[in-house]
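This briefing goes with the structure shown below. Keep the sequence and the 3D view open while reading.

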Amino acid sequence: MSILSIENLHANVGETEILRGINLKIEPGEVHAVMGPNGSGKSTLSYVLAGRDGYCVTDGSVEFKDIDLLELEADERANEGVFLAFQYPVEVPGVTGMTFLREAYNSRLRYEGREEADAMEFLKLVRSKAKDLNMSDDMLKRPVNVGFSGGEKKRNEILQMAVLEPKLAILDETDSGLDIDALKLVADGVNALRTNERSMLIITHYQRLLDYIKPDHVHVLARGQIQRSGGKELALELEANGYAEFDGKG
Amino acid sequence: MSIDANTADRVKELEVDKYKYGFVTNIEMETAPKGLNEDIIRFISAKKEEPDWLLQWRLKAYRHWLTMDEPDWAKVGYDKIDYQDLHYYAAPKNIDRPKSLDEVDPELLKTYEKLGIPLKEQELLSGVVAVDAVFDSVSVATTYKAKLTEMGVIFCSISEAVREYPELVEKYIGSVVPYSDNYFATLNSAVFTDGSFVYVPKGLRCPMELSTYFRINAENTGQFERTLIIADEGAYVSYLEGCTAPQRDENQLHAAVVELVTLDNAEIKYSTVQNWYPGDENGKGGIYNFVTKRGACRGENSKISWTQVETGSAVTWKYPSCILQGDNSIGEFYSVAITNNAQQADTGTKMIHLGKNTRSTVISKGISAGRADNTYRGLVKILPRAEGARNFTQCDSLLIGNKCGAHTVPYIESRNPSARVEHEATTSKISEDQMFYCMQRGLSSEAAVSLIVNGFCKEVMKELPMEFAVEAQKLIGISLEGSVG
């Protein structure tokens, strides 16, 4: 059974149709990259999957595990195991990263009918995850994303992902705004989280991230549809030729 | 609490003429009839066995009240109060009690559960059982009080203090909030029936937080409470008023007066968590909380800080204030005021700088949701002698939804050129981005609002004593239920 099965997905933002019939299947453990020119609907796809308000599905279906994902609210989707690493993570003043993450973690436990973790247990868990990622958990002492550099924000997203252990991680332009060193750090983190049970949907504009996070499949999203799919070589082709062939924003 | 025959005789001797309106037999009654007049006041004073000076003070206040007009300048609207339609004295036995939790409003019970209040306490709070029935003979409250007495701390009801420590009460009552101060304080001075009295002796740092919860009152729950706290030289006390559980009360008007006095090098920390019944979603039946709270930093290097979390009441109208008389004295005001549905709040503070090098800090967080209206009204007044005075005021409003209002009315009067007064204000809404970020991490929309709002209020919440802080956080979440989506 595919972990994610998208069939003929159409979605609007306001009055405008952005997704015009997306078809995509992701198996457990696979890493899929979705690349495309600006305005092609890449972020829209991630928001529609995550269940953001204002993004309206007009046709098609999305099955996650064996659930109709579109029936669930955003928080329910998260508790079922969908994680979105944001392109521009927002600040939450006055709320420390640790508090935020513990709330998120306990929400999932509650959803699953399990007992919540107490502060000590949780701290230990976070410390060990951070260690595995070669990251410090210091940034969790600060209010979420407040005053964080671009790299810190992205690393924070990865640390959250490590703690929340999603089944499907959607990385929305995780590489945007990062220099090579920051990029490598983030990529190392993502790679450390690849397992047979975890699937990833990596949305990116540039192929260089895919030098570090090697995808199983690459798809080109343009004009609201997946125009072509292939392996890693497709990404290299795109780097060489650009998106001109697929462009023509209609 | 019925009055005994000796007392009744004594009172008759003193005030025989006054009872020519047929009041003689009424002393045996547990409840004064509705209405307000000098007889009722004498009745109250007699019931409490008060010395004559206090009765006279009450009467002076009452006569003054008759000459006053009810103020209407606050940005709140409420149904006119008929002052003759209230009972000003009722013994506890007369209150209609629900026989069991089954008779209590299920909404109320739901809130108790959310706040994690144990069943026994739920019974206490909803009036199913009287206070003393909850605690057994070797009760927490008894040991608590014994410890305090050992240390020389006086903590009792104001009525008891009037009987046991009349000189102390006489010295300080009305010295911070004079009987003529304002309409509601004047009314309170005439008819107050309960409240706390605290005296902390020289040099003593009271090791326990004093909580009104433990002040078992044999008398009626105050609709007109009068509290007086005195910290002698070098003393420290932290006082907690209120509780997070919503309290129903048939008395709609709550006009309390709180007076704090700090002598040299003393400090009083006064924390309030107020969750009086806010009325239904249209505000009907809720409590009016019109309170006068003022602290006088009489002594040098003394400090008074007010911390409040106001989430209840249909209408809240209060300005806990500090008079910074002593040189180097410090006044602080930390407030979170939440209004939802149809609640209204006009609240803030007054910092009056008299002495040299006095400092005041005001941090006010107002959160409005539903169709509520929330006004911050603050005064920073620097008098000519207040050399080197400093004030910092930060006033932040958070709006949830499109139908609520937040207003700021700051007054700054400075008559000393060396003073520094800073005022910052922000207004914001909970952004959709923040909500989505939280929800994408698994938080429900309600949990998200609660988290974001608690973050917004952090600077104030961290001033609360631990036991209140945890409850207050839960309370904030509960008060904003239904405000989003």
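What follows covers a sheet and two helices in chain A, a helix pair in chain B, and the contact between the two chains. The model is predicted, and the points below are computed from it.

**The sheet of chain A**
- Six strands of chain A make up an open sheet of mixed pairing, and their order is β6-β9-β10-β3-β11-β12.
- At the edges are β6 (82-85) and β12 (225-230) of chain A, each of which pairs on one side only.
- From one strand to the next, the twist averages 20°.

**Helices of chain A**
- Helix α4 (residues 119-132) of chain A has 14 residues, and its end C-alpha atoms are 20 Å apart.
- That separation agrees with expectation, because 14 residues at 1.5 Å a residue should span 20 Å.
- Just after α4(A) comes Asn134(A), which has a positive phi of about 65°.

**A helix pair in chain B**
- Two packed helices are described by the angle between their axes and the distance between the axes.
- For α3 (residues 52-66) and α10 (residues 183-191) of chain B, the angle is about 145° and the axes are 7 Å apart.
- The crossing of α3(B) with α10(B) is left-handed.
- On the α3(B) side, the contact is made by Trp57(B), Arg58(B), Ala61(B), Tyr62(B), His64(B) and Trp65(B).
- On the α10(B) side, Thr186(B), Leu187(B), Ser189(B) and Ala190(B) meet them.
- Sorted by class, the contact of α3(B) with α10(B) holds six nonpolar, three polar and one charged residues.

**Contact between the chains**
- Chain B places 17 residues in contact with 21 residues of chain A.
- On the chain B side, the elements giving two or more residues are α11 (432-440) and α12 (445-456) of chain B.
- Of these, α11(B) supplies the largest share of the side that touches chain A, with seven residues.
- By class, this side of chain B has eight nonpolar, five polar and four charged residues.

Note on methods:
Residues are numbered from 1 along each chain as its sequence is written. Chains are lettered from A and ligands numbered from 1 in the order in which they are written. This is a predicted model: local features need pLDDT of at least 70, side-chain atom pairs count only at pLDDT 80 or more; totals for chains, interfaces and linings use all residues. Axes are lines fitted to C-alpha atoms, for helices over the stretch in contact, and angles run from 0 to 180 degrees between N-to-C directions. Helices (H or I, at least four residues) and strands (E, at least two) are DSSP runs, numbered from the N terminus. A crossing is left-handed if the near helix is turned anticlockwise from the far one by less than a right angle, and right-handed if clockwise. Two residues are in contact if their C-beta atoms, placed from the backbone, lie within 7 Å. Ala, Val, Leu, Ile, Met, Phe, Trp, Tyr, Cys and Pro count as nonpolar, Asp, Glu, Lys and Arg as charged, and the others, Gly among them, as polar. The expected span of a helix is 1.5 Å times one less than its number of residues. Two strands pair if DSSP finds at least two bridges between them.
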